[in-house]
Number of protein chains: 2
Amino acid sequence: MKHVTIKDIARYLSISVSTVSRALMDDRNVRKETREKVLEAARILGYKPNPVATNLKYGHTNTVGVIVPEMVTPFASTVINGIRSVLYGNGIKVIVADSGEDPDRERENLRLMEHFMVDGIIVSMCSYKKNKEDYIRLLEADLPMVFYDRIPHGLEVPQVIVDDYRKSFFLVEKMILGGRKRIVHIQGPDDIYNSVERARGYRDALAKYKIPYDEGTMVIKAGMTFEAGAEVADRLVGSGIQFDAVFAFTDTLAIGVMNRLRELGKKIPEEVAVASFSGTELSTIVYPKLTTVEPPLLQMGEKAAELILEKIKNPACPNRTEVVNAEIRMRESSGNIRPE
Amino acid sequence: MKHVTIKDIARYLSISVSTVSRALMDDRNVRKETREKVLEAARILGYKPNPVATNLKYGHTNTVGVIVPEMVTPFASTVINGIRSVLYGNGIKVIVADSGEDPDRERENLRLMEHFMVDGIIVSMCSYKKNKEDYIRLLEADLPMVFYDRIPHGLEVPQVIVDDYRKSFFLVEKMILGGRKRIVHIQGPDDIYNSVERARGYRDALAKYKIPYDEGTMVIKAGMTFEAGAEVADRLVGSGIQFDAVFAFTDTLAIGVMNRLRELGKKIPEEVAVASFSGTELSTIVYPKLTTVEPPLLQMGEKAAELILEKIKNPACPNRTEVVNAEIRMRESSGNIRPE
DNA sequence: CTTATGTCTGCAAACGATTGCGGTAACGTT
DNA sequence: AACGTTACCGCAATCGTTTGCAGACATAAG
């Protein structure tokens with residue numbers, strides 16, 4: 001893999017590299033015919049500028065890193081499409097790393113990006129606690145960073161989020177108004193901040209309608225996979241708890257629990273209504289289709305990209321928080337809950 | 001974002017940059033105490049080598065690009081995990097680009113990788129026809145390339161594949177032996193080579209059991225999305241064709257068609273058995289669970305990574321073709337087909 | 001004819017890291 | 001005392017590109 005350099009062009013035309021460079025850069029200090037000859041030669045020789053060299057010169061790589069917590073759902077890929085659409089237009093490349101819900105891998109990815117000398121990083125975190133020192137170090141080194149969806153807690157950073165609390169409050173409220181009285185909440189891991197926010201929404205919705213909040217039996221902590229959801233279903237049915245609805249932290253968990261409940265003979269939604277948060281296209285391919293809170297993923301990506309552009313252009317700019325509006329999608333899994 | 005360079009270390013210790021470089025490189029021509037002082041200073045100042053500079057020096061980026069056709073199923077992300085696991089171990093970074101089943105975007109991605117000066121590219125193609133000139137150009141420029149799953153046709157390149165023809169033959173055979181007589185094939189786009197191979201498997205399986213091959217009504221060409229699958233179901237039921245089974249090009253199509261068939265009142269698998277190829281985890285979250293041919297995705301990624309490593313180390317090495325063994329997973333969607 | 005002005009081009013330094021070569025000590029050998 | 005050896009370190013070139021500065025040349029103005 002040998003590359004043609006401006007040196008080759010210079011030799012080819014018997015002129016200096018500076019003139020070639022200037023011709024290529026459209027500097028007005030080159031005669032029109034010279035420029036044309038250079039352009040022609042570049043075309044003939046198949047010249048491609050070596051970005052590595054210019055990066056070295058200017059100290060930036062025109063690359064933004066994106067670190068996503070998982071890629072088994074299309075959540076991340078949709079956000080990334082949004083990010084790409086605005087960044088590509090600004091001549092910025094995007095590289096993606098997937099943490100697989102593992103904070104250690106997230107840290108590796110962070111180091112990778114750093115080592116890669118990206119101009120900025122867009123992150124959705126696995127854990128809002130785990131790699132705090134690294135994030136603080138990077139922030140203090142003035143590396144532009146933007147967070148979306150899974151944000152840190154207690155760090156003042158640019159971020160794009162949905163209103164986890166209010167949306168989960170409303171969703172649970174709808175279930176209550178639809179006649180469900182014993183709603184189980186499958187809570188996500190403690191170290192995801194959205195998890196505690198959504199759990200808070202659930203609790204307050206219950207409180208508003210004077211339904212007792214029973215943390216011991218009606219709130220179950222789980223992981224993030226389909227399998228984790230299925231295990232919750234086993235436990236739920238096994239323990240003989242009475243319940244007529246499930247509100248899950250994510251669609252992955254909801255799908256896991258819903259499928260297993262059906263296998264265990266529960267009718268969805270007649271006996272148990274199911275709803276979740278962070279729905280993707282997956283919510284529409286399961287049976288029955290899943291009621292979920294659907295963030296505008298493309299838009300989230302676009303906003304995140306805009307924020308990182310701001311930060312790159314001016315590292316001292318204020319840290320904005322963009323709240324985008326997630327839609328509650330009522331589908332079959334939650335039964336005949338009346339529409340708004 | 002200011003970086004500490006070896007120059008800073010040199011200045012800090014009042015020695016020359018060469019000595020610093022040598023100390024960092026573990027060259028034996030530096031006194032032990034000097035090396036220790038340098039290491040210490042590097043730690044204190046927070047030195048991180050600038051890869052851009054060394055890349056410029058050595059002409060490689062220690063980066064491999066991966067271009068995948070889509071990311072809404074976990075197919076690609078699993079393969080990528082395999083790729084990463086071996087490449088990271090060799091100190092090579094991985095950057096991913098998603099073509100969204102659009103050949104134009106695939107070409108952009110290709111150019112992106114080129115511009116990025118990656119040391120090699122691992123590709124799964126959208127179309128085996130569309131960007132041929134670009135691939136040929138890159139190949140002739142000796143850029144190491146490896147293909148997996150969605151490979152080109154008529155190009156001699158290193159590749160990792162499954163036996164599309166045989167596996168789809170066997171799967172259709174199982175459906176026939178299970179009593180299905182009128183099997184519809186949902187064929188993928190013409191410009192995906194796997195599509196024609198799988199269609200061939202379908203046809204030959206029919207032929208073996210003397211079932212007439214009716215290309216006009218029993219073979220339907222479709223796109224690649226859930227929605228495309230659903231439309232096929234509409235057309236199938238709308239036209240009143242008799243059929244008792246569907247064999248789809250991918251699980252995405254199969255899921256689309258299966259769900260819509262159920263909505264239209266067909267019982268799966270009693271009235272219509274459904275099976276597909278290229279199954280991912282998605283096959284297990286739909287209802288009923290989908291029978292599918294499941295390639296060993298992680299292994300495919302690992303093999304692809306090994307092949308690209310070979311090519312990078314020795315561009316002249318022969319182009320190997322690795323055939324990995326896909327497992328046929330019999331699940332509920334295909335009904336009581338007898339197991340092997 | 002001299003000077004000013006403008007247009008074009010080349011030299012060389014710079015970005016950060018590596019490395020061949022040459023220089024400088026210290027030390028040992030004869 | 002002269003020389004060789006060894007260990008250590010710095011100069012400068014290199015990778016590909018950009019750019020300030022200065023030189024060259026031409027043309028116009030005086």
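Q: Where is B:Ser14 found, and why is B:Ser14 called exposed?
A: In this predicted model, B:Ser14 is found in the loop between helix 1 and helix 2 of chain B. Exposed requires over 50% relative accessible area. B:Ser14 has 65% relative accessibility, so B:Ser14 counts as exposed.

Q: What makes the phi of B:Ser14 worth a remark?
A: Phi of B:Ser14 is near 55°, a positive value in a residue other than glycine. Most residues other than glycine have a negative phi.

Q: Why is A:Glu101 called partly exposed?
A: The class lies between the buried limit, under 20%, and the exposed limit, over 50%. A:Glu101 has a relative accessible area of 25%, and therefore A:Glu101 is partly exposed. A:Glu101 sits in the loop between strand 2 (93–98) and helix 6 (103–116) of chain A. Its phi is near 55°, a positive value in a residue other than glycine.

Q: Why is A:Ala10 called buried?
A: Buried means under 20% relative accessible area. The value for A:Ala10 is 3%, so A:Ala10 is buried. A:Ala10 belongs to helix 1 (residues 6–13) of chain A. The C-alpha atoms of A:Ala10 and A:Val20 are separated by 6.3 Å, with the two residues 10 apart along the chain.

Q: How do you know that the length of helix 8 of chain B agrees with its number of residues?
A: Helix 8 covers residues 164–177 of chain B, which is 14 residues. At 1.5 Å a residue, helix 8 of chain B should span 20 Å; its end C-alpha atoms are 20 Å apart, so the two agree.

Q: What makes helix 8 of chain B mostly covered?
A: In helix 8 of chain B, 11 of the 14 residues are buried. Among them are B:Tyr165, B:Phe169, B:Leu171, B:Val172, B:Met175 and B:Ile176, but also B:Asp164, B:Lys167, B:Glu173 and B:Lys174. Just after helix 8 of chain B, B:Gly179 takes a positive phi of about 105°.

Q: Which way do the residues of strand 5 of chain B point?
A: B:Gln159 and B:Ile161 point one way from strand 5 (residues 159–162) of chain B, while B:Val160 and B:Val162 point the other way. In a regular strand the side chains alternate between the two faces of the sheet. All of these residues of strand 5 are buried.

Q: How do you know that strand 5 of chain B pairs with strand 4 and strand 11 of chain B?
A: Pairing needs at least two bridges. Strand 4 (residues 145–148) and strand 5 of chain B are joined by 2 bridges and run parallel. Strand 5 and strand 11 (residues 321–324) of chain B are joined by 4 bridges and also run parallel. Both counts reach the cut-off, so both pairs qualify. B:Val160 stands opposite B:Tyr148 and opposite B:Glu322.

Q: What makes A:Thr19 and A:Lys57 polar contacts of DNA strand C?
A: A polar contact is a pair of N or O atoms within 3.5 Å. A polar side-chain atom of A:Thr19 lies 2.5 Å from a phosphate oxygen of DNA strand C, and one of A:Lys57 lies 2.7 Å from a base nitrogen of DNA strand C. Each distance is within the cut-off, so each pair qualifies.

How values were computed: Residues are numbered from 1 along each chain as its sequence is written. Chains are lettered from A and ligands numbered from 1 in the order in which they are written. This is a predicted model: local features need pLDDT of at least 70, side-chain atom pairs count only at pLDDT 80 or more; totals for chains, interfaces and linings use all residues. Side-chain values use heavy atoms; hydrogens and water are left out. The expected span of a helix is 1.5 Å times one less than its number of residues. Buried means under 20% relative accessible area, exposed over 50%, partly exposed in between (1.4 Å probe, protein chains only). A polar contact is a pair of N or O atoms within 3.5 Å; within protein, one must be able to donate a hydrogen and the other to accept it, and residues adjacent in sequence count only if both atoms are side-chain atoms.
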